[in-house]
Amino acid sequence: INHIVHNGGLYKRPFNEAFEETPMLVAVLTYVGYGVLTLFGYLRDFMRQWKIEKCQNATEREEQKDFVPLYQDFENFYNRNLYMRIRDSWNRPICSVPGAKVDMMERVSHDYNWTFTYTGRVIKDIINMGSYNYLGFAQKTGACQEAAAKVLAQYGAGVCSTRQEMGNLDKHEELEKLVARFLGVESAMAYGMGFATNSMNIPALVGKGCLILSDELNHASLVLGARLSGATIRIFKHNNMQSLEKLLKDAIVHGQPRTRRPWKKILILVEGIYSMEGSIVRLPEVIALKKKYKSYLYLDEAHSIGALGPSGRGVVEYFGLNPEDVDVMMGTFTKSFGAAGGYIGGKKELIDYLRTYSHSAAYATSMSPPVVEQIITSVKCIMGEDGTTVGEARVQQLAENTRYFRRRLKEMGFIIYGNEDSPVVPLMLYMPAKIGAFGREMLKRNIGVVVVGFPATPIIESRARFCLSAAHTKEMLDTALKEINEVGDLLQLKYSRRRLVPLLDRPFDETTYEETED
Amino acid sequence: FQAPAYHLILEGILILWIIRLLFSKTYKLQERSDLTLKEKEELIEEWQPEPLVPSVPKDHPALNYNVVSGPPTHIITVNGKECINFASFNFLGLLNNEKVKSAAQASLKKYGVGTCGPRGFYGTFDVHLELEERLAKFMRTEEAIIYSYGFATIASAIPAYSKRGDIVFVDEAACFAIQKGLQASRSNIKLFKHNDMADLERLLKEQETEDQKNPRKARVTRRFIVVEGLYMNTGDICPLPELIKLKYKYKVRIFLEESLSFGVLGEHGRGITEHFGINIDDIDLISANMENSLASIGGFCCGRSFIIDHQRLSGQGYCFSASLPPLLAAAAIEALNIMENNPDIFQTLRTKCERIHKALQGISGLKVVGESFSPALHLQLEESCGSRENDVKLLKRVVDYCMNSGIALTQARYLEKEEKCLPPPSIRVVITVEQTEQELDKAASLLKEAAQSVLN
C-alpha cells in the first residue's frame, strides 16, 4: 500500500514513508532478552565485588581513593555488562580510503572484548556499507585529490588563527561564494566542524525569551546548540505536522509561560534526512506552517545535501521548493563531499551577523586549506562546472542504488524504516543478541555494516544501518544483498508481515512538551 | 451486632462523596480554553516576531576580515601587502615545514581527504590510533584521545565528567571554550580571581563548611578545578604547585588546559607540568589543541586510562562528529617527530620571547601584559579613553600603521556580550621561532613609532 500524501497539492511527487509496527512476539522476546542480560549483569557485578571474578576495569589512583568517585557505579552498568560484550562491532580500525571497498585491520580479543590486540593482518576489500560516502568522493586519486595536493603543497596543513584575526584565507572566501551559488542563496559561511556549526551558531541566533520547536529525533548537535542558547525548547513528535501546528498555535496564543509576554521569535529545528530513521522531513508542510505562523526555519541538511534532489542540491530541490523560504540552511561537508566541516547559508544580513557574532568566527581556528580545496573541487564537480558529467552521473547512480536496494530488501521480508528515496536504510534487528551477531556474521562474509542499539535508538528498536553510495556498483549491491539474505535467514530477521501503519492515521494525542530550566 | 449510628452516617457520606467524584467532570490544572477560536486567530494575526537577526553596521570592527592571500606563514600577504607575521599562533614555525607537508601528502595519497564517518562507524584510521599512542608517549601518560576541532576538545571534555549538581572552580580569565564546556555541563560554577590562590582557598573552605552541613550530598558531589597552563587572555602562567597542594588538601580534581603551553613550556615542550617538574599523574586531565604549536587542526586530551576512556562514549564532540582527516593527523605526527628530535627550539623560542618582552617595555601609552616567556602577549592601552568602542578604534589605528609598514598584527577578538569576564581591548603579539632578531627589533621600534604618532 502506498501512502501518497496530497495535502492540498503541496507535494509535487509521492511521499512514501513507512514505519512498520513491531510484531508483538518480537517485542516481548526483546524485553526478555534485556531482562536476562540485566540479571547476568547484576550477577557479574556481584562476583566482581566479592573478587570471585577479576575486575578488568581501569581503577582510580591509590593516592586519590578517598576523593569523591568520578563515576557512579550505576552509570556504567550498561557500559560494563551489555556494551562490553559486543564492543567489537564498533570502532573498527581501517587502513585505506573509506570508499566502496575498504581494508580493515584485524583485531582479536582474548578476554571477551576488554582489550584488543592487532594480529597485523589486514582484511582486504570489505564492502563498505557504513561510511557516509553518498556521492563517492572519498577517493585517493582523481581531480579532487590532485587539487587538494597542490593546495597542501602551497598553503600547508594548518592555519593557526581564527577567522576574525589572521585566519581568513582567500580560499575561504572562494569556498563561501561557491557554496552560496550551489545552494541558491545570497551568502554562506563555512566552519571547521559540522557538530560545532550547530552548537555554536544556534546560540548566536536565539536567546532567552525565544522559543525553539525541535523534532523529537534531532541530532545531539542541534540539542546541544538549543540548550546552550538559553531559549525555551519544546519538542514535537517526529515529522508530525499536526503536533507542530498545535505547538505553534499554543505558543503564539499563550505567550511565554507565567508572564504571558509574547515570544521574541520562534525557531523550528528540523533535519533533512534523519540518520537513524531514514525519514525525510515534510518540508512543504513545514514551510507552509512557518509562513502562516511567522516563524523561522533552521534546516540541518547534514545527510541530505548532495544525496537528494535531481542535481544534488538537497531536500529543498527534492521537493521543488524555493531555497529563499528556508531562513537558515545548514549542512555539513563530511558526508557527500568527502571532506570535513559545515556551512550555513541564507540571506546576506544573516551571514553578516554570523560573521560578527558567531562563536566559531571569534574563537575557533578556520578550516584547513586542503580540505577547503577538496570541497571546492567536489562542489564544482556536482554542479558540472568542471566540464564533465561525473557529478550528475553520481547523483543519478545514488538514486538508482537507493531504489534498487530498498526494493530488494523489502521483497526479502525485512522490516525497513524510512522514506523510499533516502539513501540511509535502517534494517530492524530488535533483539540485543542479534546486534552483535549481525555485525560479526556480515564481517565474516566480508561486508562491513553499522549496527546501533540503545542509547542511540529506543531500547527495543535496535537496528543495522546501511549507507548507500554512488560508488557501489550493482555487483557489489547484489553480493551484499545475497549475504544479507543468508544472514537474515540464519538469524531469523525477516519479521515483515506487510502491515504498514498509515502515517496520517496514527493516533495523535495531547503533546507533552518540555520546558528548559536555566 | 450493631454499629454505632455516627459510624453508619459517616460511611454513608463517604459513599455519596465517592459517587459524586466518579461522576464529576475532570478538570485540567490550567484553564486554557478561555479564549474563543476567533480571539485565538486574532492573536495569531497580530503577533509580530523580531527579525531573525538584527542588522550589523557596515563598519563593525569584526565584520571586515583581513584577507590573507597565500599561506599564513612567516612572510604573509595581508590585504595585498607583504608583511612579517606576528599574528598567527605558529610558535614552532611548523606550518611551512617541508617534512610535515610531505607526510601530509603521503597520507593524502593513501586515504584521500575526509573520513566519512565518526570514530564509532568506520572512521577510525590507523593514523588516528598512531597519533593517540604518540601523544600519550610524548606526554608520558597512559592514554590520549583526539578530537577533530580544537574548540570542541575542552568543551566536550568538561561535560563528560561534570554533571548537574557538581561543583567546578574556574579561573576568571578562562577562555571561551572552557566557558561553553561549563555551560553545557550545567554544574555549579564558582569563579575565583585570576591566579589568586588565596581567593580559591577561601572558596574551597566555604565549600567545606557547606559539606559539613550535608555530608550525604557531599559524598556524591564531584569537585573540579579548571585552569589553563598559559592563559590566552592574559599571557600569565598558572601557579600549578600551589594548586596541587590545594588539590590534595580539599580533594578536588584538576583539569588543565594547555593549548598555549603545549610545545612551548618545559625542557622538551611537554608543557607546564615539565616546566614546574610536577608528576603528570597528579593532573587528572590535560587538554590541548593541536592548532598552535603542532600547526595542524584538532585537539587532544591525555591522562590515565581510567579518565580518558570515559570520553570515548560520553564526549559529545568525539562520538557524534566525524573524525579528524588523516592528512591532518599525519601532519601532527610529523610535527611531533620534529619536536622530539629538536628539543633546542623551545629554548630558542623562549629567548626570542624574552627579547621582545624587554624591547616592548617603555612604549608610551601601551603596556605589555604577559609573562616574559609567553609567546602570545597582549598590548593594552595604559589609559582607556572612556568607552570600549573608542579604545578599539584607537588600537585599530595602531595596527593599521604597523601593517602599512610591514608588520602584520591583529587585535584580540572577543564576543563582547557572551564573555563572563571581558578582557580589555588589546593588540595580540605572537612570537614564533622563525622570526629573526632584526625582525623582532624592527617590530618593537615600529610599535613605538605607531604608539607615538597615534596616541599622542
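# Report on a predicted two-chain model

In chain A, A:Leu213 stands opposite A:Arg234, a residue of strand E7. The model is a predicted one, and the values below are computed from it.

The pairing behind that position is between strand E6 of chain A, residues 211–215, and E7(A), which run in the parallel sense over 5 bridges. Both strands belong to an open sheet of 7 strands in chain A, ordered E5-E11-E10-E9-E8-E6-E7, and the pairing in this sheet is mixed. At the edges stand strand E5 (187–191) and strand E7 (232–236) of chain A; each has a single partner strand, so one side of each is left without a neighbour in the sheet. On average, neighbouring strands of the sheet are turned by 20° against each other, direction ignored.

Helices lie across this sheet. Helix H4 of chain A, residues 170–183, lies across E5, strand E10 (328–332) and strand E11 (342–346) of chain A, and it runs at about 125° to E5(A). Helix H6 of chain A, residues 220–229, lies across E6, E7, strand E8 (266–271) and strand E9 (296–300) of chain A, at about 165° to E8(A).

Another helix of chain A, H3 (residues 143–155), holds A:Tyr155. With a relative accessibility of 4%, A:Tyr155 counts as buried. Leaving out residues up to four places away in sequence, A:Tyr155 touches A:Leu169, A:Asp170, A:Lys171 and A:Pro369, and also B:Gly70, B:Pro71 and B:Pro72 of chain B. A:Arg313 is 158 residues from A:Tyr155 along the chain, and the C-alpha atoms of these two residues are separated by 30 Å.

The contact between the chains takes 115 residues from chain A and 116 residues from chain B. The area buried between chain B and chain A is about 10,300 Å², and carbon and sulfur atoms give 63% of it. B:Trp47, B:Tyr65 and B:Tyr122 supply 10% of the area that chain B buries against chain A, more than any other three residues.

How many disulfides are there over all chains? The count comes to 0. A disulfide would need a pair of cysteine sulfur atoms within 2.5 Å. For A:Cys160, the closest cysteine sulfur is in B:Cys353, 15 Å away, which is too far for a bond. For A:Cys381, the closest is in A:Cys144, at 6.0 Å, also too far for a bond. A:Cys160 is buried, with a relative accessible area of 1%, and A:Cys381 is buried as well, with a relative accessible area of 7%.

| Span | Helix | Strand | Distance between end C-alpha atoms |
|---|---|---|---|
| Chain A, residues 124–484 | 43% helix | 16% strand | 19 Å |
| Chain B, residues 82–445 | 44% helix | 17% strand | 19 Å |
| Chain A, residues 24–43 | 100% helix | 0% strand | 29 Å |

Definitions and conventions. Residues are numbered from 1 along each chain as its sequence is written. Chains are lettered from A and ligands numbered from 1 in the order in which they are written. This is a predicted model: local features need pLDDT of at least 70, side-chain atom pairs count only at pLDDT 80 or more; totals for chains, interfaces and linings use all residues. Side-chain values use heavy atoms; hydrogens and water are left out. Two strands pair if DSSP finds at least two bridges between them. Helices (H or I, at least four residues) and strands (E, at least two) are DSSP runs, numbered from the N terminus. Axes are lines fitted to C-alpha atoms, for helices over the stretch in contact, and angles run from 0 to 180 degrees between N-to-C directions. Contact means heavy atoms within 4.5 Å. Buried means under 20% relative accessible area, exposed over 50%, partly exposed in between (1.4 Å probe, protein chains only). Buried area is the accessible area (1.4 Å probe) that two parts lose on being put together, summed over both.
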